[in-house]
Amino acid sequence: MQYWPSTRWSFSSRRRDDDSWVELPLPFALIGSHERCQVHVEYKRLPPVVYFAVVCGSRVEVWPLCGIAFPIWGRIKSDTQLLVGKQRLSLMSDADPNWMPPMVLAERTADETEAIGQSSTEAEPADAVLVMDWGTGEQTRRLSRQVTILGEGHPSSMRMHGLGLRICELGIVCVGKRVWAVQLNPDSLPDGDPMVRELIPGGQSIWVGNVHLWANKLGSRADRRFGDPLAENPPSEATPTMPGAAAGDKDDAVPQESSRPIVVVDQPHRRPMSSITRSNPQHINTDRVASDFTDRLLEKTEKRANRQSLIKWSVTGGLLLAAISVAGFVLIRGVLPIFRAIYSE
């Protein structure tokens with residue numbers, strides 16, 4: 001298995017005068033108090049996982065996985081600060097104009113290095129379909145973003161109620177036709193199990209809760225869940241409705257993710273698992289509103305970022321043109337007459 005195209009990236013934890021950058025080992029990172037988080041923040045009132053961070057090409061995105069104050073959604077820049085516990089975290093890829101070489105480099109195994117492959121600043125837009133089956137027949141959902149959070153409820157961006165999923169179950173990463181699933185609940189995985197798997201079209205499913213998932217094409221069913229279930233009901237007994245906003249067998253070929261969490265700074269606090277609720281019309285309506293709001297928010301953020309980039313390059317181009325004009329004027333009006341006067345004598 002190969003990960004999606006990505007550049008090098010790093011994070012910093014800003015406390016007092018300390019602003020050192022630490023390279024992240026893989027193109028995704030869980031941020032929270034759990035010991036398997038790649039960015040480990042120790043704080044007694046902090047949930048196990050607070051954010052899911054991803055670098056696709058040179059694009060860095062963060063998605064909240066619990067109810068927190070001042071959450072950040074979607075694409076971010078190097079000057080964006082994430083408030084996690086009492087830490088202010090920043091993330092940056094090496095394609096950022098403000099890139100600072102990390103003081104602490106990532107340690108990777110040979111399998112991890114091979115899985116990451118060559119770094120790339122380009123990643124294709126999402127162009128795949130998520131195929132789902134919970135015992136009532138095949139259902140499909142087009143993936144319109146490179147990063148989608150699948151789970152039971154808010155703040156997941158694709159929600160499926162009453163199917164044994166956690167609030168935020170999987171981070172779905174889609175680049176072109178290829179799709180990967182990252183388990184967002186380290187407590188549900190045995191020690192040593194990889195957090196990420198690729199969904200192979202027509203291959204074996206990824207089984208979470210009571211749902212089997214494939215990418216683009218239906219295949220065989222896994223006989224082992226990707227993470228311990230919340231409910232033991234077989235898929236044939238689950239009959240929820242799919243909201244308009246919503247919605248494995250162990251793979252030996254998948255390299256394990258880095259088991260070396262990077263410690264930022266009391267003892268971790270584990271949050272109890274949320275109860276499962278069945279779908280109802282109120283869920284469907286609120287999920288549809290939440291999804292539409294999320295799409296508009298991300299679109300607005302993207303437009304703002306593009307507008308800022310356009311203004312920046314316009315100002316830079318204007319200044320460059322002005323500098324060339326001034327230099328040409330000085331050359332023609334000042335320097336050339338001097339040379340003519342010298343050589344005419």
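Tutor: A term first: a residue counts as exposed when its relative accessible area is over 50%, as buried when that area is under 20%, and as partly exposed in between. Note also that this is a predicted model.

Student: By that rule, is Arg142 buried or exposed?

Tutor: The cut-off for exposed is over 50% relative accessible area. Arg142 has a relative accessible area of 52%, so Arg142 is exposed.

Student: Which residue forms a salt bridge with Arg142?

Tutor: Arg142 lies in strand β11, and its partner lies in the loop between α1 and β10, 15 residues apart from it. The closest N and O atoms of the pair are 3.5 Å apart, and the residue is Asp127.

Student: β11 also belongs to an open sheet. Which strands stand at the edges of that sheet?

Tutor: The sheet has 4 strands in the order β11-β10-β18-β17, with antiparallel pairing. An edge strand has a single partner strand, so one side of it is left without a neighbour in the sheet. From one strand to the next the twist averages 30°. The edge strands are β11 (139–143) and β17 (206–208).

Student: Within the sheet, which residue of β18 is the bridge partner of Met132?

Tutor: Strand β10 (residues 128–133) and strand β18 (residues 211–215) run antiparallel and are joined by 4 bridges. The partner of Met132 in β18 is Leu213.

Student: Asp133 lies in β10 as well. Is Asp133 buried or exposed?

Tutor: Asp133 meets Arg221 in a salt bridge between their side chains, at 2.5 Å from N to O. Arg221 lies in the loop between β18 and β19 (262–263), so the pair ties together parts that are 88 residues apart in sequence. Arg221 is partly exposed, with a relative accessible area of 42%. Asp133 has a relative accessible area of 9%, so it is buried.

Student: How many residues apart in sequence are the parts tied together by Glu23 and Arg108?

Tutor: Glu23 and Arg108 form a salt bridge in which the closest N and O atoms are 3.6 Å apart. Glu23 lies in strand β2 (residues 21–23), whereas Arg108 is in the loop between β9 (87–93) and α1 (110–116). Glu23 is buried at a relative accessible area of 6%, while Arg108 is partly exposed at 33%. The separation of the parts is 85 residues.

Student: How many salt bridges does the count come to?

Tutor: The rule asks for a side-chain nitrogen of Lys or Arg within 4 Å of a carboxyl oxygen of Asp or Glu. By this rule the count is 9.

Student: Turning to strand β5, how many of its residues are buried?

Tutor: Tyr51, Ala53 and Val55 point one way from β5, and Phe52, Val54 and Cys56 point the other way. Residues on both sides are buried. For β5 (residues 51–56), the number of buried residues is 6 of 6.

Student: Which residue of β6 is the bridge partner of Ala53?

Tutor: β5 pairs with strand β3 (residues 28–32) in the antiparallel sense over 4 bridges, and Ala29 stands opposite Ala53 there. β5 is also joined to strand β6 (residues 59–64) by 6 bridges, again in an antiparallel run. In β6, the partner of Ala53 is Val62.

Student: Which residue in the hairpin of β5 and β6 takes a positive phi?

Tutor: The hairpin has 2 residues between the strands. The phi in question is near 60°, and the residue is Gly57.

Student: What is the area of the nonpolar surface patch that includes Val335?

Tutor: Val335 is in helix α2 (residues 281–344). A patch residue needs over 30% relative accessible area, and Val335 is partly exposed at 31%. Other members include Phe329, Leu336, Phe339 and Tyr343. The patch covers about 1100 Å².

Student: For the whole chain, what percentage of residues is buried?

Tutor: The chain has 2 helices and 19 strands. Its accessible surface comes to about 17400 Å², with 54% belonging to carbon and sulfur atoms. Of the 345 residues, the buried share is 47%.

Note on methods
Residues numbered from 1 in each chain as written. Predicted model: local features only at pLDDT ≥ 70, side-chain atom pairs only at ≥ 80, totals over all residues. Heavy atoms only, no water. Buried < 20%, exposed > 50% of the residue type's maximum accessible area, 1.4 Å probe, protein only. Pairing = 2+ DSSP bridges. Areas by Shrake-Rupley, 256 points an atom, 1.4 Å probe, with all protein chains shown as cover. Patch = residues over 30% accessible without salt bridge, like charges linked within 9 Å, V, L, I, M, F, W, Y side chains within 5 Å. Axes fitted to C-alpha atoms, helices over the stretch in contact; angles between N-to-C directions.
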